[in-house]
Amino acid sequence: MQFLAIDVGNTRLKWAMYDEPRPGAAVLAHGVEFLDNIERLAEGSWAELPEPRQMLGCVVAGDVVRRRVQEQLEIWDVSPHWVVSTTQEAGLTNGYDHPSRLGTDRWIAMIGAWHHVLAQGRQRPVVVVMVGTAVTVEAIDASGRFLGGLILPGHGIMLRALEAGTAGLHVPTGNVCAFPTNTSDALTSGGTYAIAGAVERMVQHVIAHCGEEPACVMTGGAGWKMMPSMTRPFELVENLIFDGLLHIAQSRFGAAA
Ligand SMILES: Nc1ncnc2c1ncn2[C@@H]1O[C@H](COP(=O)(O)OP(=O)(O)OP(=O)(O)O)[C@@H](O)[C@H]1O
Ligand SMILES: CC(C)(CO)[C@@H](O)C(=O)NCCC(=O)O
Ligand SMILES: [K+]
């Protein structure tokens, strides 16, 4: 019954093999590769794995990268399935002007977050923050409608942009502090508080619009670095994209499993 979940991000591909296509399934194996190293998967980490019965993926990196992943999947009989953003899925409604143009990573992470919050007992608004190469900040109302979201440069892109766009800034890693007194701390704190400040604004927008405090959920590889700088309590969830993929997989493949 093995189920393979794949998240092809802007910088790296993450994969996880589960014992079944359902939320809460046990992880049998998992790994990560930079997009340049996708060609190693079939002969590398995937070579010793049991054959997955189903595969579901999230891809934001475009068709060329998707085809490179599909070539690696050819070691198995499994048919590749990739989520596309639709007007409705797994209890969520997509409020984007053109629903299919919403990044599938955002849509799938929202599905994961929505069910994570539902499992805590009641429907309420949710703010979902994903901290990676880019940062996204999504708003969902208490009925499960995605109201809209912010896209910002990730911390790395912000600092590289400053380095490239100024005459004399070089960017060693500094510490986050309230009153930075050296360049490294000023840059690191500026990037961190830019993200934290944008999130705070979105939480305020949701409270004003929904009349209720949202549940605040954060995910992404660099989430733990942002947590101490947030202005409100956030719950850090390790991988909402995999959680979302498991929910979608259950509705698509669950009956057959
Ligand atoms: N101190 C920090 N605060 C916030 N974000 C940071 C910090 N340090 C690094 N980052 C961001 O975290 C990113 C790495 O996160 P993550 O591992 O989720 O990304 P990724 O897997 O490379 O992204 P993607 O899923 O888009 O491929 C870096 O690109 C950088 O923008
Ligand atoms: C915003 C990113 C880069 C975040 O990974 C991705 O979701 C994406 O490429 N989205 C498409 C554009 C959009 O979501 O409006
Ligand atoms: K991503």
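Student: Is strand 4 (residues 54-59) largely enclosed by the rest of the structure or open, and why?
Tutor: Happy to look at that one. A residue is buried if 20 or more other C-beta atoms, placed from the backbone, lie within 10 Å of its own. Strands are DSSP runs of E with at least two residues, and helices are runs of H or I with at least four, numbered from the N terminus. Six of the six residues of strand 4 are buried, so the strand is largely enclosed.

Student: How reliable must a residue be to count here, and how is it numbered?
Tutor: Residues are numbered from 1 along each chain as written, with chains lettered from A and ligands numbered from 1 in written order. This is a predicted model, where local features need pLDDT of at least 70, side-chain atom pairs count only at pLDDT 80 or more, and totals for chains, interfaces and linings use all residues.

Student: Which residues of strand 4 point the opposite way from Gln54, Leu56 and Cys58?
Tutor: In a regular strand the side chains alternate between the two faces of the sheet. Both sets in strand 4 are buried, and the ones pointing the other way are Met55, Gly57 and Val59.

Student: Which residue of strand 5 (residues 80-82) stands opposite Gly57?
Tutor: Strands pair if DSSP finds at least two bridges between them. Strand 4 and strand 5 are parallel, with three bridges.

Student: What is the handedness of the crossover from strand 4 to strand 5?
Tutor: Right-handed means a clockwise path from the first strand over the helix to the second, with the strands pointing away from the viewer. The chain passes through helix 1 (residues 63-73), and this β-α-β crossover is right-handed.

Methods: A residue is buried if 20 or more other C-beta atoms lie within 10 Å of its own, exposed if 12 or fewer, and partly exposed in between; C-beta atoms are placed from the backbone.
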